[in-house]
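Here are my notes for a colleague opening this structure for the first time. Please keep the view open while reading.

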Amino acid sequence: MPEGHTIHALAGRLSRTYAGKPVRVTSPQGRFAESAALLDGATVVGAQAAGKHLLVELTGDRWLHVHLGLIGNFAVEAVAPGIPPQEHPVQGEVRLRLTSDTHVADLRGPMVCALVTPEEAAAVVARLGPDPLRPDADPEPAWARITRSRKTIAELLMDQAVVAGVGNVYRCEVLWRLRLDPFRPGRELRRSSWDAIWADLVRLLPLGVAYGQILTLEEQVLDAEARLAAGEVPPDLTGRHLGTSFPREFATYKRTGLPCLQCGSRIRQQRVGGRELYWCGRCQRRR
């Protein structure tokens, strides 16, 4: 499932491409045809992300709500020279297509694709926990929920009502980076540990937005930060594929049975919170 950085990158891509422009809205697949007709011709005001939810505001108090789910993809691509945007070939089952004079954005396989009111869009945000990528994020409500819960911190990090946008990769990797016991109940977690989790998410997620891939190994993180500080402009990704600026490598995620990069102990695997958790039983003992 795409994690929060993917949706924030998509929101930025849609805003840069379409904000202030009228768009043609169609549903080549047909499943969104009725709502697409109501949006067709509207001007895009802008797009925003809240956790794993995408919200696109259009004129006329109309909002598009998208959740990509497990297999969804929303690619924004420039049309080929000489080909009218409306004649851009459709590939696969496209639920929604946004077309301007220069770009085509195709949504495939979403879990949610709905035309909603401003109140319904606001309700989507309201029911989520703080999103480390949003400037208005306040980590205190998340901490309040954590301190009242018997659930493990590994489960709580996957609960979007606690922290929005964190998926399984960031969950596994951040807990390993901080040497935290993933099975520690939330109410037993130290405040300093929660502060460290939040700070690490705030540090890592923007790198995911910039480079289109999850970076958690410290060497890669420092390299990415240095590149951005030096003014490097990351590749202009369409969202169709993951970024390739760095090798896709992790400390624990999908490394079952391989040696821990810190201590050499074997990485373990267990289903927690509906997804496979990967951790080091020797390193990760902190509260």
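1. Start with Arg-240. Arg-240 belongs to the loop between H8 and E9. The model is a predicted one.

2. Which residues does Arg-240 contact, leaving aside its neighbours within four places in sequence? They are Asn-73, Ala-75, Glu-77, Gln-91 and Arg-108. With Glu-77 there is a polar contact, side chain to side chain, at 2.7 Å. Ala-75 shows how the chain folds back: 165 residues separate Ala-75 from Arg-240 along the chain, yet their C-alpha atoms are 4.9 Å apart.

3. Tyr-253 sits in that loop too, between H8 and E9. Is Tyr-253 buried or exposed? Its relative accessible area is 12%. Buried means under 20%, so Tyr-253 is buried. Setting aside residues up to four places away in sequence, Tyr-253 touches Asn-168, Val-169, Glu-173, Arg-248 and Tyr-278. Asn-168, Val-169 and Glu-173 are among the buried residues of H6. Trp-176 is another of the buried residues of H6.

4. Now look at H6 as a whole. H6 spans residues 168-177. Of its 10 residues, 10 are buried, so H6 is largely enclosed by the rest of the structure. The buried set includes Tyr-170, Arg-171, Cys-172, Val-174, Leu-175 and Arg-177. What lies over them? The cover includes the helices H1, H5 (153-156), H7 and H8 (218-229). It also includes the strands E9 (267-272) and E10 (275-280).

5. Next, the loop that follows. Just after H6, Arg-179 takes a positive phi of about 60 degrees. Arg-179 is a residue other than glycine. It lies in the loop between H6 and H7. Arg-179 is buried, because its relative accessible area is 18% and the cut-off for buried is under 20%.

6. Asp-181 is in the loop between H6 and H7 (191-211). Asp-181 is buried, with a relative accessible area of 18%. A polar atom of the Asp-181 side chain lies 2.9 Å from the backbone nitrogen of Phe-183. Not counting residues up to four places away in sequence, Asp-181 touches Ile-153, Gln-284, Arg-285 and Arg-286.

7. Compare Asp-61. Phi of Asp-61 is also positive, near 55 degrees, and again the residue is not a glycine. Where does Asp-61 lie? It is in the loop between E3 (53-58) and E4 (62-67). Asp-61 is exposed, because its relative accessible area is 59% and the cut-off for exposed is over 50%.

8. On to helix packing. Two packed helices are described by the angle between their axes and the distance between the axes. For H1 (residues 4-18) and H7, the axes come within 8 Å and cross at roughly 50 degrees. H1 and H7 are therefore oblique to each other. The crossing of H1 past H7 is right-handed. On the H1 side, His-5, His-8 and Ala-9 take part; on the H7 side, Leu-205, Gly-208 and Val-209. By class, this contact has 3 nonpolar residues, 3 polar and no charged.

9. H7 also packs with H8. Here the angle is about 65 degrees and the axes are 11 Å apart. H7 passes H8 in a left-handed crossing. From H7 come Arg-203, Leu-204, Leu-207, Ala-210 and Tyr-211. They meet Glu-218, Val-221, Leu-222, Ala-224, Glu-225, Arg-227 and Leu-228 of H8. The classes in this contact are 8 nonpolar, no polar and 4 charged.

10. Finally, a residue within H1: Thr-17. Thr-17 counts as buried, because its relative accessibility is 10%. The Thr-17 side chain reaches back to the backbone oxygen of Arg-13, at 2.8 Å. Beyond its neighbours within four places in sequence, Thr-17 is in contact with Val-76 and His-103.

Technical notes: Residues are numbered from 1 along each chain as its sequence is written. This is a predicted model: local features need pLDDT of at least 70, side-chain atom pairs count only at pLDDT 80 or more; totals for chains, interfaces and linings use all residues. Side-chain values use heavy atoms; hydrogens and water are left out. Helices (H or I, at least four residues) and strands (E, at least two) are DSSP runs, numbered from the N terminus. Buried means under 20% relative accessible area, exposed over 50%, partly exposed in between (1.4 Å probe, protein chains only). A polar contact is a pair of N or O atoms within 3.5 Å; within protein, one must be able to donate a hydrogen and the other to accept it, and residues adjacent in sequence count only if both atoms are side-chain atoms. Contact means heavy atoms within 4.5 Å. Axes are lines fitted to C-alpha atoms, for helices over the stretch in contact, and angles run from 0 to 180 degrees between N-to-C directions. Angles under 35 degrees count as roughly parallel, over 145 as roughly antiparallel, 65 to 115 as roughly perpendicular and the rest as oblique. A crossing is left-handed if the near helix is turned anticlockwise from the far one by less than a right angle, and right-handed if clockwise. Ala, Val, Leu, Ile, Met, Phe, Trp, Tyr, Cys and Pro count as nonpolar, Asp, Glu, Lys and Arg as charged, and the others, Gly among them, as polar.
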